[in-house]
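Dear colleague,

Please find below the sequence and the structure that I am handing over to you. A summary of what was found follows.

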Amino acid sequence: MTTATLAEMNTRHSWFRQLSADERSWISIVARSGIDGFVTWFADDQAEPYSPTDVFGAAPASMTRKISLRQTVDLVRTTIDVVEEQITTTMPRADRQVLSNAIVHYSREVAFAAAEVYARAAERRGTWDERLESLVVDAVVRSEADEELVSRASTLGWRAGVNLCVVVGSGTTSAPVASLRRAGEQQGLTILAAMQAHRLVAIIAGTAITDDLSAMTTAQQLADSFAEGPVVVGPVVTDLTAAPMSARAALAGARVAGAWPEGPRVLSATDLLPERALSGDEQAVRWLVDKVYAPLERAGGDLMATCVSFLDHGGSVEGTGRAMFVHPNTVRYRLKRIQDVTGYSPTDPREAYVMRLAVTLGRLAG
């Protein structure tokens, strides 16, 4: 029967013909084990009844990676068909019905056994993938991203050449990573995530992430997968090896987000620059000096003096004009120039706070 089964497999299934000799030999062993097992199970003359789950015990565990579940089902179905054909052609007519009923019951048990084997293999792979994913996220957090990390991430389905950002928030009590991953799949995103203490750290990539603004939009769509509390989005980078920069900013922002409870739930790390700078984050200090103070200082045209005077006079255009002996419209023009140069407007209370701190830090830096 084993020879007939292998011949039938070769006739019916093209994938079987493409297997190596070693792989086909293992399939023949499984087929023979299944046929012998049916005979043993049907006889049932042992103290301990034969279990159909033993059919797959003869094959190595690695077979689940080389032979898919669909192909295993093909193997079981073909083997049963051959056995049934043999029953109808070689067995006495009086025994055929009993044997046919028995093979139906036996094949059901073998099918359940196959499902159990592949389920266990999937669970093992899932556990290993979770550990590998945690290692990748941890390496990014610890600024140890390199080409080896990219190789590890690729085994988890990571797509190279796509913009990404790091998002940090609190984790939910039940399966936070799975919930976040499902939400990301609905948005066409690739996500690597892991719980670190009470925080959920996620590396999010996708074609929809083109700049920091689109990253914020993406994070807002995923916010429900995080627990209550602020969700901080790091700046967008172009490669996984650059992800530590985004992670440092997001983690620094998450540590100080409680200092601005009036802010929105989803924040960019840039939104929290003042709090990060006051907490000693050198990255935030350099950003404020290089991106706000230095451009304002280089711009000339009394923009720095106007900015400081406007802040000193509580945001009063008229008061600033009197103090500087210029017309209020001149002050308004300069305020517009300040916003063009720095990206921040002194007329907005929050942005005025950022500018005041940037000027102070810039002066301290000399």
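Packing of two helices

In helix α13, Leu303, Thr306, Cys307 and Phe310 meet Val331, Arg334, Leu335, Arg337, Ile338 and Val341 of α15; contact means heavy atoms within 4.5 Å. By class, this contact of α13 with α15 has seven nonpolar, one polar and two charged residues (Ala, Val, Leu, Ile, Met, Phe, Trp, Tyr, Cys and Pro count as nonpolar, Asp, Glu, Lys and Arg as charged, and the others, Gly among them, as polar). The model is predicted: local features need pLDDT of at least 70 and side-chain atom pairs pLDDT 80 or more, while totals for chains, interfaces and linings use all residues. Residues are numbered from 1 along each chain as its sequence is written, and side-chain values use heavy atoms, with hydrogens and water left out.

The axes of α13 (residues 303–312) and α15 (residues 328–342) come within 10 Å and cross at roughly 105 degrees, which makes α13 roughly perpendicular to α15 (65 to 115 degrees). Axes are lines fitted to C-alpha atoms over the stretch in contact, with angles from 0 to 180 degrees between N-to-C directions. Helices (H or I, at least four residues) and strands (E, at least two) are DSSP runs, numbered from the N terminus.

Asn163

Asn163 is placed in the loop between α7 (147–154) and β1 (164–170). Leaving aside residues up to four places away in sequence, Asn163 touches Ile204, Ala205, Gly206, Ile209, Thr210, Val236, Val237 and Thr238. The Asn163 side chain reaches the backbone oxygen of Ile209 at 3.1 Å. The C-alpha atoms of Asn163 and Thr207 are separated by 6.9 Å, although the two residues are 44 apart along the chain.

Lining of the second largest pocket

For the lining of the second largest pocket, α10 (243–256), α11 (273–278) and α12 (282–299) each supply at least two residues. Helix α12 gives the most, with six residues. By class, the lining of this second largest pocket has seven nonpolar, two polar and five charged residues.

With kind regards

Terms used. Parallel < 35°, antiparallel > 145°, perpendicular 65-115°, else oblique. Polar contact = N/O pair within 3.5 Å; in protein donor to acceptor, adjacent residues only side chain to side chain.
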